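This briefing sets out the overall make-up of each chain and then turns to one feature of the surface.

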Amino acid sequence: MTTKRRPVFSMHRSGLSSSVHGPSRRMWLQAAGASLALPWLPSALGRDARAAAPAAAAPRVLYWFVPNGLVASALRPATVGPDYELSYAMEPVAPLQHRISPLTNFINTSGLIGTHAECFLSILSDVRTDTSRVGTPAAGQTIDQWIAARVGPSTPFPSLQLATDEPDLAPDVSLETYYTSIAWASPTTPLSNIRSPRVAFDRMFPGHDSQLTDAERQKRLELRTSVLDVVLDRINHMSKRLSSTDLDKLDQYATGVRELESRISQLEGIQCEAPSVPGLNPTFLENVEAMADLMVVALQCDLTRVITWMLGNTTSETVYSHLGITDTHHNLSHDFVSSDTALEELLEIQHWQIAQWVALAQRLAAITESDGEDLLSHTLLTLVTEFSNSSTHDPASVMYLIAGGESHGIKQGVHREFDVPHANFMRATASFMGLSADDWSVNATGVADLTT
Amino acid sequence: MSRPSATALIALPLLAVLPTGCGSDEAVGDANDPPAGKPIHRMNKVEWSQTLQDLLGIQQDVTEHFPTDPTTFGFDNIAAGVTTSPVHVELLEGAIDAALDQFFQRDVAAFQRSFFEAESDDVLYTGGGPYEDWAYLLEHPDHVAHSVYEAPARGSYELTLFVFAIHEQAQPPTLIIDVNGRTQAELPLVTSHLDARQALLATLELEAGPNAIDIRFDAEIGAADFAFDVLLDAWNLAGPIGNGTPSASPRTADILLCAPETDDDAACAHDILEEFGRRAWRRPLTDSEVSSFDALFEVGLTADLTWDEALQLAMKGILFSPEFSFREEQTASPESARRLNGYELASRLSYFLWSSMPDDSLLAAADNDALLDPDVLHWHTERMLDDERSDALPNNFAGQWWGIRTLQGVQPDTTLYGNWSEDLRASMTQEMLELARHHLFSDGDFRDFINAKEGWLDPVLASHYQMPAANGWSSLDGTARQGLLTTAGWLTVNASPAEPSAVKRGKWVLDNLLCAAPPPPPPEAQASIPPEPDEGSARTREEAVRSGAFCQGCHAEMDAIGFSLGHFDALGGFRSIDEFGYPIDAITQLPTGDSIRAASGLIPMLRDDERVARCIVEKTFAYANGRAPGVADERSIDEIATAFVAGGASFRALARAIVQHPTFQERGPVPPDTIAEAP
């Protein structure tokens with residue numbers, strides 16, 4: 001028998017990091033196509049970043065969706081106003097509390113007494129959707145898309161839809177779109193999420209072949225545009241042969257081609273340092289981290305001013321195994337009323353979710369823009385969800401969080417209690433973007449005041 | 001033995017007997033309406049990939065990272081539900097470029113460097129263990145590190161492997177690098193110094209796409225002589241070096257019909273584009289359509305592209321045009337149905353049976369509408385079912401209907417089910433796919449998939465089923481298992497991570513075998529749920545939760561079916577006691593009063609339930625026609641069901657009945673969308 005022994009290396013991870021992992025890791029990163037997600041390096045980005053400087057530091061808005069509700073009864077601060085107290089799940093807010101405000105007691109009118117999907121779709125659309133209908137999907141234009149239609153043309157991406165990569169839903173869901181798409185460009189055009197950080201990265205940073213001269217690059221761009229022109233011509237021909245329902249489908253394709261055509265020239269003009277290249281098959285945690293990297297850089301470089309992020313589909317069956325939880329998020333979100341263990345685990349999940357959201361806010365706060373203010377002060381970072389009580393699918397007294405936006409008039413650090421339709425808040429996000437959304441939503445009774 | 005009546009499940013007077021009833025959430029409509037048409041049909045992710053592969057003779061899945069298309073009525077190929085986002089269009093452009101680059105054997109691969117951390121989830125191990133949080137320790141000759149590298153192209157790649165090695169042997173050991181099961185490098189470890197990281201270098205020849213790269217020890221070393229430890233830190237793959245060249249496509253001669261006589265030979269390009277367009281658009285192009293692409297070819301030449309680069313540019317134009325991605329069917333008027341022409345019918349047939357484009361033979365039959373002749377259509381249907389491309393049916397049709405795709409995403413609770421593994425998932429998947437293949441393509445009664453007495457087992461699954469080692473079709477006689485509902489895969493999909501779910505199992509049967517989908521639980525029901533008792537068997541606890549009259553309307557039947565499968569745990573293993581230590585009680589009672597005695601009572605009863613044949617027709621109808629059946633289709637479904645059973649009830653007979661039915665050969669009127677604009 002050979003005597004087995006453990007290795008007795010004298011160095012530890014920290015000892016290795018400067019000589020072995022430090023420089024070489026950076027070199028790999030800089031080479032095109034490093035395949036694993038590595039921690040985002042704010043210093044690397046900060047130093048050279050010619051990033052960005054959107055003209056006059058324009059307002060940007062991000063709708064960060066948490067599926068399966070927040071337990072409002074446990075999370076809502078006891079007192080209204082500044083210096084609100086933080087319950088366990090809200091603790092991650094503490095380091096940035098002066099820049100974060102809980103907004104409570106909104107009524108999601110159009111989602112009342114609805115299914116998961118109905119309450120989910122009404123968050124940004126404020127439209128009551130008959131989710132049992134099997135046929136052409138139909139909801140309503142969502143506030144993010146209403147905004148994107150107005151501010152989108154000034155950036156390469158009118159809007160971005162990002163999400164975690166969740167497994168397929170059970171096949172008995174009659175219309176999966178109703179569970180997976182939070183953003184709808186029109187009542188019949190749900191927008192697909194990008195679930196792969198690598199795909200999002202490749203779209204945002206199409207890359208330049210450094211061996212090409214400017215003239216060669218220009219020639220390639222022109223050839224690519226020639227193809228798109230022919231394609232648009234073909235679309236025009238086809239549209240003359242089609243009925244109205246067909247035209248709706250073709251128009252979705254045409255929108256994509258037109259957006260692509262303007263994007264390829266807009267992206268040419270943007271100098272922006274890319275974060276590390278995300279891996280192709282990330283874990284849940286790697287995905288969340290890599291997508292956060294991309295959201296930061298997309299806002300920083302003015303690639304887009306409107307983002308939706310879904311930390312899972314509504315009815316998310318994600319198992320938060322990294323928190324030591326073995327049941328699915330969806331099961332827990334129903335069981336918590338009858339089981340203390342389930343409640344504890346659900347709050348543990350919400351604690352973690354809020355921590356991710358706060359971490360994103362902190363990263364935005366660490367980036368200084370051309371006007372000397374930080375990126376967070378130019379961004380309205382929202383956290384939205386379907387329910388105040390997920391067990392009963394209750395969308396009344398729903399609670400949201402907002403961070404940042406101070407440079408455009410938002411007053412932060414205050415717990416505000418409302419008793420108005422949630423559409424008032426959605427209109428306020430449009431106001432923040434400098435738009436008046438009085439024609440959006442029939443349920444709204446005004447614009448929620450976030451400035452006093 | 002008295003078996004419960006076969007009709008027990010057929011006519012449950014739920015609405016009459018129970019206080020709240022269990023209405024179904026089927027679409028409403030008028031049976032006198034003409035069958036609805038479907039909008040123009042965009043290819044889904046799977047169809048795009050398969051079509052580009054068949055068209056160009058390439059191997060790579062160029063749409064792998066597209067967003068998955070949402071399902072409607074359980075399928076991702078329902079035209080109304082397939083919507084297009086800007087991201088699809090943008091990714092499609094890249095996919096078309098990648099596919100054409102492969103076809104033209106371009107050096108597609110931009111030099112790429114990829115980095116593997118040994119301790120990351122991207123590397124799997126046989127044996128060994130993590131070392132702190134940054135390395136992995138191999139200390140036995142059987143220990144192996146497995147990784148998969150997605151090579152952008154075929155070619156040579158430089159491997160740099162960073163290790164620390166400690167050994168007490170005169171002869172330093174050797175690390176072996178296997179690529180796709182073949183040894184490509186033997187790397188001697190030099191005498192170790194405790195703090196010295198070694199960089200081992202090798203050149204590997206990789207194929208485009210995934211390559212399995214295993215790092216192991218020299219097999220010559222016996223365990224007895226083995227006295228060293230190797231710490232894997234990381235490795236780095238860079239390449240392709242020089243040219244990464246895709247292999248030549250078998251379709252080259254069919255597509256490049258002529259060779260250019262001059263550097264600017266437009267006539268040859270025209271001939272190629274005309275014929276390529278016919279295949280890509282699945283119909284002949286008009287002269288003016290071809291001329292758009294002739295013009296694009298000229299644009300390329302003017303920009304100093306070579307002849308074949310200019311040709312590629314024009315081919316990209318053909319593939320990026322909507323005629324490629326959309327299956328267009330003409331309407332006659334908004335009110336009436338119109339018979340499809342040969343090309344439209346050929347596409348319907350090939351996307352039903354193959355999830356891909358018509359081949360040359362089918363396209364030839366579409367010329368002059370020969371395919372409209374029922375005998376010609378029949379001949380092609382049979383031919384295509386016999387072709388290996390019909391493997392799309394088990395993968396995409398059964399794959400979605402039976403939940404085989406869903407199985408790929410389940411995450412069982414490994415603290416309770418320590419025997420869960422990726423191997424087990426793969427074996428479960430294989431069993432379900434083999435079951436699908438066997439029953440889709442055999443001449444026997446298709447409904448036998450419900451009570452098949454044979455299962456496709458490999459050693460992993462046989463052990464899971466506590467059966468003698470097996471590899472292939474094995475008899476299930478003497479076990480509690482028969483058919484789909486007792487496969488471990490189906491049982492795992494219809495479970496929660498920690499426990500089996502009578503509700504999910506019962507609901508699946510109602511949704512997918514009886515087509516009697518219950519509506520979602522109303523919020524009032526959720527609000528009235530009593531707390532779960534903390535004693536008693538799992539079944540009695542669950543029953544207490546759903547004992548209210550409000551729940552019973554739907555759950556009475558659903559749970560009777562679900563609890564009868566109580567002998568199977570959340571991974572489909574057999575059990576005689578539940579998670580609380582109580583014996584399984586799998587005898588249940590339907591609202592009609594008939595009882596079900598466990599799986600062996602349920603399954604034959606379902607097999608003979610006359611609703612099953614009709615439900616199978618509904619599912620197949622939806623998948624084949626690319627639209628969810630409506631009330632106006634009921635008569636058609638009855639007709640097809642009759643033909644299916646009369647024709648011997650094989651899936652082949654069903655496919656034949658669907659294909660020969662007017663609903664498959666006509667485009668119904670497409671009503672303008674009646675959904676009001678959002679306020």
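Buried residues make up 62% of the 452 residues in chain A, and in chain B 59% of the 679 residues count as buried. The model is a predicted one, and every value below is computed from it.

**Chain A**
- The secondary structure of chain A consists of 13 helices and 10 strands.
- Among the contacts in chain A with a separation of 6 or more, 74% are accounted for by residues 24 or more positions apart.
- Chain A has an accessible surface of about 16100 Å², and carbon and sulfur atoms contribute 52% of that surface.

**Chain B**
- In chain B, the secondary structure comprises 25 helices and 19 strands.
- Residues 24 or more positions apart account for 72% of the chain B contacts that have a separation of 6 or more.
- For chain B the accessible surface comes to about 25800 Å², with 52% of it belonging to carbon and sulfur atoms.

- A negative surface patch is formed by A:D335 of chain A together with B:E499, B:E532, B:D534 and B:E535 of chain B.
- One of these patch residues, B:E535, is located in the chain B loop that lies between α18 (523-527) and α19 (538-545).
- B:E535 counts as exposed because its relative accessibility is 59%, and the cut-off for that class is over 50% relative accessible area.

Conventions
Residues numbered from 1 in each chain as written. Chains lettered and ligands numbered in written order. Predicted model: local features only at pLDDT ≥ 70, side-chain atom pairs only at ≥ 80, totals over all residues. Heavy atoms only, no water. Patch = residues over 30% accessible without salt bridge, like charges linked within 9 Å, V, L, I, M, F, W, Y side chains within 5 Å. Areas by Shrake-Rupley, 256 points an atom, 1.4 Å probe, with all protein chains shown as cover. Salt bridge = Lys/Arg side-chain N within 4 Å of Asp/Glu carboxyl O. Lys, Arg positive; Asp, Glu negative; His and termini not counted. Charge placed at Lys NZ, Arg CZ, Asp CG, Glu CD. Helix = DSSP H or I, 4+ residues; strand = E, 2+ residues; numbered from the N terminus. Buried < 20%, exposed > 50% of the residue type's maximum accessible area, 1.4 Å probe, protein only. Contact = heavy atoms within 4.5 Å.
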